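Here are my notebook entries on a few side-chain contacts I wanted to look up.

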Amino acid sequence: MRSIVFASGKGGVGKSTVTLNLGLTLAAAGKRVVVVDADLEMANIGILLGIDATPISLHNVLSGENEMQDAVYAGPNNMRYVPASLSPEKMERLDLDKLPSAIKKLDDSSDFVLIDCPPGLGPSAVAAIKSAKEIVIVSTPEPSALADALKVRALAERHGVKIVGVVLNMVLGDRSEIKKEDFETVMEVPIIGLLPEDVEVRRSAALQVPVIIRAPGTAFSRAMRLLASRLSGEKLAIQETKVKKGLFSSIMEFFGRIFGRK
Ligand SMILES: Nc1ncnc2c1ncn2[C@@H]1O[C@H](COP(=O)(O)OP(=O)(O)OP(=O)(O)O)[C@@H](O)[C@H]1O
Ligand SMILES: [Mg+2]
């Protein structure tokens, strides 16, 4: 089993998008994948999937109420995932030291455990990074993201987490952007994926259907399949997803169920 955390330091560079769509891609190639939403304060994986019927979350595991196995749910493509709680009331006493052993519980049943890290380098981000054996640093090709990526690299090195590489996201190919080679030189870490800025990514987030499912032919999805092959070290045979009717609910229903006042 490979446990890989996706971290960036800087917020909003695409960690959750990359983690989820990569998980779905590896799962579509027959890999046993669990995506763990370790962004305990701003859970996103359930929202990106449009699935909220997940009463037990990573919060319940870290507060000692439930076992990790109770918090694993089935998503599209036979991918499984562990949501974080969407409820604003659920931020009470969480024992972050429980995270590594909780992740280890997924060992036997998976080929890949992909962990979506929160931004910053606060306690929950550090816990997420320490709980993985490997790290992929997600960044955009701009100076502030690179500066934060360097801090993440230093933290990963300090904790002995193997740095697999950098994924550059939201790449426009514009001359103002830091070039791939320059980014690699500064980071001293290989770039393992270049994901373009693609309007289908934001549309898919808005519609709560992952882009790799909603728009498999778009530039981002094609680059994601290359990243999945690179990361797994194999040429993957990726099956197309058949979307079941009713799997993705409407946005108003979704927010009404979760945040509606009773
Ligand atoms: N390649 C892309 N092209 C266009 N939009 C993108 C791309 N990648 C991500 N986005 C959009 O950028 C926004 C931030 O993405 P995402 O939530 O995945 O980032 P994050 O790093 O997980 O953020 P946070 O630090 O808040 O957890 C979302 O609206 C997402 O749809
Ligand atoms: Mg996120």
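Is Tyr 81 buried or exposed? I looked this up before anything else, keeping in mind that the model is predicted. Tyr 81 turns out to be buried, because its relative accessible area is 0% and anything under 20% gets that label.

**Entry: the rings**

Next I wanted to know what Tyr 81 sits with. I found that its ring pairs with the ring of Tyr 73, with 6.2 Å from centre to centre. The planes are 40 degrees apart, so I wrote the pair down as tilted; stacked would need under 30 degrees and edge-to-face over 60. My count of aromatic pairs came to one. I checked Tyr 73 for burial too: it has 16% relative accessibility, so it counts as buried.

**Entry: counting salt bridges**

On to the charges. As a reminder to myself, side chains of opposite charge can pair when their charged atoms come close. I got a count of twelve salt bridges in the structure, and I picked out a few to follow up.

**Entry: Asp 111 and Arg 32**

I looked at the salt bridge between Asp 111 and Arg 32, where the closest N and O atoms are 3.1 Å apart. Where do Asp 111 and Arg 32 lie? I traced Asp 111 to the loop between helix 4 (99-104) and strand 5 (112-116). Arg 32 is in the loop between helix 1 (15-28) and strand 2 (33-37). They are 79 residues apart in sequence, so this pair ties together separate parts of the chain. For accessibility, I noted Asp 111 as partly exposed at 26%, and Arg 32 is also partly exposed, at 39%.

**Entry: Asp 95 and Lys 98**

Asp 95 has 32% relative accessibility and is partly exposed. I wrote down 32% for Lys 98 as well, again partly exposed.

**Entry: Glu 188 and Arg 153**

My last pair was Glu 188 with Arg 153, whose closest N and O atoms are 3.8 Å apart. Glu 188 is in the loop between helix 7 (180-187) and strand 8 (191-196), while Arg 153 is in helix 6 (residues 143-158). That makes it a link between distant parts of the chain, 35 residues apart.

Which of these two is buried, and which is exposed? Glu 188 is exposed, with a relative accessible area of 66%, whereas Arg 153 is buried at 16%. I also saw that a network of salt bridges links Arg 153 and Glu 188 with Glu 157.

Conventions. Residues are numbered from 1 along each chain as its sequence is written. Chains are lettered from A and ligands numbered from 1 in the order in which they are written. This is a predicted model: local features need pLDDT of at least 70, side-chain atom pairs count only at pLDDT 80 or more; totals for chains, interfaces and linings use all residues. Side-chain values use heavy atoms; hydrogens and water are left out. Rings of Phe, Tyr and Trp (its six-membered ring) pair if their centres lie within 6.5 Å; planes under 30 degrees apart count as stacked, over 60 as edge-to-face and the rest as tilted. Buried means under 20% relative accessible area, exposed over 50%, partly exposed in between (1.4 Å probe, protein chains only). A salt bridge is a side-chain nitrogen of Lys or Arg within 4 Å of a carboxyl oxygen of Asp or Glu. Helices (H or I, at least four residues) and strands (E, at least two) are DSSP runs, numbered from the N terminus.
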